[in-house]
Amino acid sequence: ALPRCSGPRRPPLTMPGRRGALRGPGGCGSCLGVALALLLLLLPACCPVRAQNDTEPIVLEGKCLVVCDSSPSADGAVTSSLGISVRSGSAKVAFSATRSTNHEPSEMSNRTMTIYFDQVLVNIGNHFDLASSIFVAPRKGIYSFSFHVVKVYNRQTIQVSLMQNGYPVISAFAGDQDVTREAASNGVLLLMEREDKVHLKLERGNLMGGWKYSTFSGFLVFPL
């Protein structure tokens, strides 16, 4: 609260073009002037904002920013009622897995036909499970995936599909009869929701002899 003035009263402050007068508490114009002067002195030091560029966040120095009525989203971002969204700088997702041996695992069967990998080269965020060879999206966003599945000493045509939540999205084929090693390769951008799952499935043919040097990679392009 502004202090009450005990000094002599002065004529009220008037504003040109308006009726009436601007009065301070108790009718003291000098007290209001002092309060406004103090407020103007404090404002420049309140909350300097240093804007960087379009790709970097705005850095706020000080402790005078208050965001009210905010609600956290499923991916950890906080969106205020003003539409301002703040995301963690560590929200990076990427994986790359490979097949380092030609040994065919017992899990590779006609029942699942999942193409398994046995070595992880990159797994930022730990969202790729090596045992099941399934990637689980940690947040909604646009993701990039690519695969390169090699068949060895196999004269059959193979078809490899990228599966999203159990449904094929893209496929690749390899069926040259005159080479000892051939790869089925493809890549795609996908819109994924949080907890969507992606894996590779052998839709046609077999991988007898193994699939050494095969790779499966993906990363988050940007969150939504």
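Student: Which residues make the nonpolar surface patch?
Tutor: In this predicted model, a nonpolar surface patch of about 560 Å² is formed by L189, L191, F219, V221, F222 and L224.

Student: And which strand gives the most to the nonpolar patch?
Tutor: That is β15, which contributes three residues, while β13 and β15 each supply at least two residues of the patch.

Student: Is F222 buried or partly exposed?
Tutor: F222, which sits in strand β15, is partly exposed because its relative accessible area is 42%.

Student: OK, moving inside: which residues touch the most other members of the largest nonpolar core?
Tutor: The core has 30 residues, and those touching the most other members are I115, F145, F147, V160, L162, L200 and F216. Several strands supply at least two residues each to this core, among them β10 (141–152), β11 (158–164), β14 (197–204) and β15 (215–223).

Student: What is F147 in contact with, leaving aside its neighbours within four places in sequence?
Tutor: With that exclusion, the contacts of F147 are V160, L162, I170, A172, A184, S185, N186, L200, T215 and F216.

Student: Which backbone oxygen lies 2.7 Å from a polar atom of its side chain?
Tutor: It is the backbone oxygen of W211 that lies 2.7 Å from a polar atom of the S214 side chain. Leaving aside neighbours within four places in sequence, S214 is also in contact with A97, T98, R99, F117, H148, V149 and V150.

Terms used: Residues are numbered from 1 along each chain as its sequence is written. This is a predicted model: local features need pLDDT of at least 70, side-chain atom pairs count only at pLDDT 80 or more; totals for chains, interfaces and linings use all residues. Side-chain values use heavy atoms; hydrogens and water are left out. A nonpolar core is a set of buried Ala, Val, Leu, Ile, Met, Phe, Trp, Tyr and Cys residues joined through side-chain atoms within 4.5 Å. Buried means under 20% relative accessible area, exposed over 50%, partly exposed in between (1.4 Å probe, protein chains only). Helices (H or I, at least four residues) and strands (E, at least two) are DSSP runs, numbered from the N terminus. Contact means heavy atoms within 4.5 Å. A polar contact is a pair of N or O atoms within 3.5 Å; within protein, one must be able to donate a hydrogen and the other to accept it, and residues adjacent in sequence count only if both atoms are side-chain atoms. Patches are made of residues with over 30% relative accessible area and no salt bridge: like charges are joined within 9 Å, nonpolar side chains (Val, Leu, Ile, Met, Phe, Trp, Tyr) within 5 Å. Accessible areas come from the Shrake-Rupley method with a 1.4 Å probe; for residues, only the protein chains shown count as cover. A salt bridge is a side-chain nitrogen of Lys or Arg within 4 Å of a carboxyl oxygen of Asp or Glu.
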